[in-house]
Amino acid sequence: MTTKKTILTYTGLGLFGILGPFLFPAYTLSIAYLWMMVLMASTWDILGGQMGYNSLGNITFFGIGMYVSAVVQISVFYPGGVAEYTSAMGSIKPEFSNNQYFTGLYLGILAAGIIAMLFSLVFGSFMFGLRGPYFAIGSLGLAIAAAEITTTIDYVGGASGISMPLFPGDIEFRSVFFYVLCFLITLTAHFLLRWLFSTQFGLAINAIRDDEDKAEAMGIPTRIYKQIGWGITAFFMGAMGAVAGNMAGFIDKEVAYPIPTFGIFMVAMVLLGGKGTLWGPVLGAIIFHVIKETTWTYLLGWQWVALGLILIVNIVYFQQGLMGWLQSRYPEMFGIVVDKTNLQTKEQSKA
Amino acid sequence: MLDNIQLLFVWAPIINVQIILEGIFLGAVFALSAYGLALVWGVMNIKNLAQGDFVIMGGYLSLAFSQYNLSIFLILPLVMIIMFFYGLIVYRLMIRRVIDQDMFTSLLATFGLSLLMQQVMNLIWGPEVQIIDLDFPVYDAFDGFVTIPSIKIISLILAGMLSLGIVLFMKKSRTGQAIRATAQDPRAARVLGIDTDKIYEFTFSLNSAICGAAGVFVSVIWVLQPFYGITYSVRSFAIVTAAGLGNLPAVITAGFGIGLFEKYVGAIIGTAYEVAAPVSMLLIVLVFRQISMKKNRQAVK
Amino acid sequence: MINKLILGIGTSLVLSLMGLTTTASAKVEGDTITLGSSISLTGKYATNGLHTQRGYDYAVDVINNSGGVKVGGKTYKLAVKYYDDESTPARGAQLAERLIQQDGIEFMLGPYSSGMTKAIAPVSEKFGVPMVEAEGASRSLFTQGYKYLFAVLSTSEQYLSTAIELAAQSSSDPSSVRVAMAFESDPFSMDVRAGVVDAINKYGMKTVIDDQLPADLSDMSTTLTKVKALKPDILIVSGHSKGAATAARQINEMKINLPMIAMTHCEAAKVQEKFPKAANGFLCPTQWVETLSKSDAMFGTAAEWNAGFKKAHPSYSSVPYQSAQASAAVYVFKEAFEAANNFDQDDVRDAISGVEMETFYGDIKFSDAGNNIAKPMFMRQIDSSGSYNLVESSKDMTFPRNVSY
């Protein structure tokens, strides 16, 4: 990877990230959602792409984070406690001072990440013995069960949901504030992953993907690596859930556990961009989000047909994702030197 | 919860009969769609997430036919035939291309299919909740404590006959044997002159027809909406995962088991947990299988 | 190279998006006032989302055909820009922002259901966009101090508490009445439940069954089995169209014979057509009845609105009140525009809050909190011929239900 190009990309994306909300103020929250989707795709790829564990349940951590942060934000400064707040079904409107609100929010985001990570340890303890489809289906089951059980817990409002504390500042500031949070979390995650994939951790999880039994035989403590991988995913998903909950203003089961939308989108985005690469999920998320935002709403009722078709065509015809397709089509662009003899053997092995 | 247990076992134990019957009806429909799933999964390694949408589609076709006042005995074969050809088309257009791919490809491709089908059904039949009432008599038992709509009995018998037919077909017929051979070892089957592509095609279409039949039962027993497919998919997956592939008796037992489990969880802990029950069951089964596999240092693959 | 490519594709796509849509600006252009609404056209609320959309569209047509809206001596036509919120609150909030920020919508009509309204109201509030909604009845919407949210309908705790009142009236000893209830797990039904629980406590009745039905569940046989065993005096069900359809089907099959059964969304689920036998005697709360003796200059009497709407949509045998209140919401906007006589959002907001009018839907007058306090809820009972009869006190009610399965 030549550093010059990398720097160029980062400068470009960084400039877009910083200037975006100033250049296009009307789109601030749209771009915030873009970073959110980039984060979802990137963290999904830790397990899905790099480790070969295809999870359909990462959205569980998103929901857990959202609820944890709501509970923290309310309970820290509201004297009556969460139970009183939720049982009043939104009729209580606590007055928080600016300081209280922001302290509560930051504590909430942090707690959301940490508790989501703890949950990932619990889930991991009984999920990581599953491979392939069983892991995928098991994790989907986890998400559905989590969503259903949340609606029965009266402490967090049950099926009535929770109205989040109101943001103290004005509307422009609010958009920019949440935008910055989304951007920072995504940026942190990206650089953390970039560094992690270049360390022994990256090699180890790739080894798990390629052949877990052999990796284990070679003395790699696979379980620990799997836990760490899922823990990182959970932390960022939880923190992002906390931010998303505050952006939405009202949370219930549907907002917190959007299984058929974001839960599947994140996988689709990674597959679109190409899994197992650092940039694939980013590219996939950007393309997916932009296409969705520009066309979705004009299709009124047909959007799911379009999404279904995109998924099918993508998976049936571009199985390597766009990055993979580009890479095999124009290998020179990726700095890969094409050796003719190598190519021939490749084709032979294909046949 | 204590009240519910007392009610069930002390005050009015007779209502257990009703709950068990409801569980069995539910289980019969699940068992059918789960068996179809086990078939495609076992034979061609396709995890069909659109399974529930095939069921719902069968239900809507049955709705369409019921408007012509056809009897259920005519609707069932008609729906099955149409669904068989629908499965054939789906196979030729997409499933054929994802067969050799890794498992996640088939999951996602069929998820795409599921979205597509839901929405097309929504556009054709509208989002309204639909009901077919064939106006069959309802029988009472135990002083009116237990009621059994005859349509449910008919559905149960038809489902039983259908699965018996499939079992016999798999055991006795040439095609059935070829399907089983392909499931065991596709390469060997090919060497021995079985056209596996044709077998895959037939298997997928058969699954589609079975789902269609399940859909007919759903439509005459419960209600239809274009977006309900996912619940049937999840339950099918729970059953197949619990029972293992290619084991019809186990799939049917698991189907009834999950039906009963769901009803009893609903009756004892509360109906709020009725949807969580089958997925929790799935997780519990997976955990137990892991523990037993771990003794041999293996994972659930 | 590849990074450059990503950058190129990414930014150019984003830029093209910006270029594509920034052209849309203020939404009172030429002679058209465009209202915005995110409505559920797919997902679990789609049935009622459609009823709502038809109500909006019908009112827009009628108003436009009879001369439109007159503001500042000029005549304007109404139009509605819809987005499909997919029955998911997060999507609804996102689309509301999109309507306001990107499409320049300045006035909004509400979505369907309380949950969706809860998600969207904070957005419209923050942007100072007046929103008249017709389908979010949850009480908690009006305790948040929203200034720009107005609802033409009665709040949801009134839906089924009348049923408890009626049960109390028809019993010699109200405290001996035993109640069974089953509510779908969504914000609307939980609010209905809160109202019912208050009424139960008021009379000291006993709750024997209190079940919550998951939104994805299309089977309530477990609850009904318990009902059979416990024989409560009244059964109360709330769960949008699916809940009503499922309940009616299974009450029919299980031959549930209780003196009183009350449920929401009977008309929307068309239970009287599908299960005439079982539906006989159901008590159904409604926001509006077509026999109401109220009228206005635009739509005429309630019966005239009903006839006109049926003509536009012949598939309805009984028009759901969801459509009627949607029409009323559009009408409120027309009146407010004309009263304000300009399109300043705050002036229109003040005009809405000052609205005091009689419509085919009933009287409309908003409290400071934004809910309509001039209109009562109605309770109707389905009779053996499948028609709905108004129940004003227990004397009008067939009690006990008279069914022979």
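Tutor: What follows describes the interface of chain A and chain B.

This is a predicted model, in which local features need pLDDT of at least 70 and side-chain atom pairs count only at pLDDT 80 or more, while totals for chains, interfaces and linings use all residues. Residues are numbered from 1 along each chain as its sequence is written, chains are lettered from A and ligands numbered from 1 in the order in which they are written, and side-chain values use heavy atoms, with hydrogens and water left out.

Chain A brings 42 residues into contact with 40 residues of chain B, where contact means heavy atoms within 4.5 Å. The size of an interface is often given as the accessible area lost when the parts come together. Here the buried area is about 3700 Å², and carbon and sulfur atoms give 78% of that; buried area is the accessible area (1.4 Å probe) that two parts lose on being put together, summed over both. Of the area that chain A buries against chain B, 18% is supplied by Tyr134(A), Ile137(A) and Ile312(A), more than by any other three residues.

On the side of chain A that touches chain B, at least two residues each come from H5 (98-127), H6, H9 (212-217), H12 (259-273) and H14 (303-317). Helices (H or I, at least four residues) are DSSP runs, numbered from the N terminus. H6(A) gives the largest share of that side, 11 residues. By class, the side has 28 nonpolar, 9 polar and 5 charged residues. Ala, Val, Leu, Ile, Met, Phe, Trp, Tyr, Cys and Pro count as nonpolar, Asp, Glu, Lys and Arg as charged, and the others, Gly among them, as polar.

H6 (residues 132-150) of chain A packs against H5 (residues 103-125) of chain B at an angle of about 40 degrees, the axes being 9 Å apart. Axes are lines fitted to C-alpha atoms, for helices over the stretch in contact, and angles run from 0 to 180 degrees between N-to-C directions. The two helices are therefore oblique to each other; angles under 35 degrees count as roughly parallel, over 145 as roughly antiparallel, 65 to 115 as roughly perpendicular and the rest as oblique. Gly132(A), Pro133(A) and Ala136(A) of H6(A) meet Met103(B), Phe104(B) and Leu107(B) of H5(B). This contact has 5 nonpolar, 1 polar and no charged residues.
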